[in-house]
Amino acid sequence: MRIRLRFQLLLAFLLGPSLTAGCLTSSSGDFFPPFVEITHPQDGDTVSGVVDISAAASDDSGIESVRFYLGATLLGVDEIAPYSWLWNTATVTPGTAQIEARVADTFGNTAFHRITVTVDNTPPQAAPY
Ligand SMILES: [Ca+2]
């Protein structure tokens with residue numbers, strides 16, 4: 001008991017009291033990052049109009065949220081599976097764009113998956129007569 005107390009004090013010194021309290025009060029922590037993968041669109045796809053960005057996410061302790069980013073800009077947050085966000089590509093400059101899904105589990109572990117797509121909203125050329 002005395003050794004355990006000393007260990008806790010050492011942890012409190014090293015990690016800070018708030019973090020240590022969280023670690024020691026939970027009998028089984030979750031130190032493993034969740035899984036996330038953007039399932040639509042695919043990396044390298046050319047997209048236009050409104051795109052349904054979909055992500056698969058899973059974790060042993062549960063998913064807190066999936067955040068969808070366009071570059072560094074947050075598009076939206078989905079906390080309920082299936083995780084998705086509607087993205088209107090007409091609002092961005094045509095060309096390459098990076099889409100990222102960042103996932104957090106209920107213990108605050110995070111992971112991300114990033115893909116690159118090409119935005120092309122040029123209307124189809126009329127067929128020549
Ligand atoms: Ca986890």
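Two strands are said to pair if DSSP finds at least two bridges between them. Helices (H or I, at least four residues) and strands (E, at least two) are DSSP runs, numbered from the N terminus. Residues are numbered from 1 along each chain as its sequence is written. The model is a predicted one: local features need pLDDT of at least 70, side-chain atom pairs count only at pLDDT 80 or more, and totals for chains, interfaces and linings use all residues.

**Overall composition and confidence**

- The chain contains 2 helices and 8 strands, and along the sequence these follow the pattern α-α-β-β-β-β-β-β-β-β.
- The average pLDDT of the chain is 86, and 79% of the residues score at least 70; pLDDT is the predictor's confidence in each residue, from 0 to 100.
- Over residues 20-26 the pLDDT stays under 50, and the model has 6 contacts beyond four places in sequence for this stretch.
- Two residues are in contact if their C-beta atoms, placed from the backbone, lie within 7 Å.
- Among contacts in the chain between residues at least 6 apart in sequence, 60% join residues at least 24 apart.

- Strands of a sheet pair through backbone hydrogen bonds, either parallel or antiparallel.
- Strand 1 and strand 3 are antiparallel and share 5 bridges; here isoleucine 38 has alanine 55 of strand 3 as its bridge partner.
- Strand 3 (residues 50-58) is joined to strand 6 by 6 bridges, again in the antiparallel sense.
- Two bridge partners in strand 6 can be located in the view: asparagine 88 for valine 50, and tryptophan 85 for isoleucine 53.

**Aspartate 52**

- Aspartate 52 lies in strand 3.
- A residue is buried if 20 or more other C-beta atoms lie within 10 Å of its own, exposed if 12 or fewer, and partly exposed in between, with C-beta atoms placed from the backbone.
- Aspartate 52 counts as exposed because it has 10 other C-beta atoms within 10 Å.
- Neighbours within four places in sequence aside, aspartate 52 is in contact with His40, Ser84 and Leu86.
- The C-alpha atoms of aspartate 52 and leucine 86 are 4.7 Å apart, although the two residues are separated by 34 residues along the chain.

- A second open sheet has 5 strands in the order 2-8-7-4-5, with mixed pairing.
- Strand 2 (46-47) and strand 5 (73-78) stand at the edges; each has a single partner strand, so one side of each is left without a neighbour in the sheet.
- Strand 4 and strand 7 pair in the antiparallel sense over 7 bridges, and arginine 67 has arginine 102 of strand 7 as its bridge partner.
- Strand 7 and strand 8 run antiparallel and are joined by 10 bridges.
- In strand 8, isoleucine 115 stands opposite isoleucine 99, and histidine 113 stands opposite alanine 101.
- Strand 7 and strand 8 also form a hairpin with 4 residues between them, and glycine 108 in the turn has a positive phi of about 90°.

- Buried residues make up 19% of the 129 residues in the chain.
- A nonpolar core is a set of buried Ala, Val, Leu, Ile, Met, Phe, Trp, Tyr and Cys residues joined through C-beta atoms within 7 Å.
- The largest such core has 18 residues, of which Val36, Ile53, Ala55, Ala57, Val66, Ala101 and Val103 touch the most other members.
- Two or more residues of this core come from each of strand 1, strand 3, strand 4 (63-70), strand 6, strand 7 (95-105) and strand 8 (110-119).
- Beyond its neighbours within four places in sequence, valine 66 is in contact with Val36, Ala55, Ala57, Asp78, Tyr83, Ala101 and Val103.

**Cis peptide bonds**

- The peptide bond from histidine 40 to proline 41 is cis, with omega near -5°; proline 41 lies in the loop between strand 1 and strand 2.
- The peptide bond from alanine 81 to proline 82 is also cis, with omega near 0°; proline 82 lies in the loop between strand 5 and strand 6.
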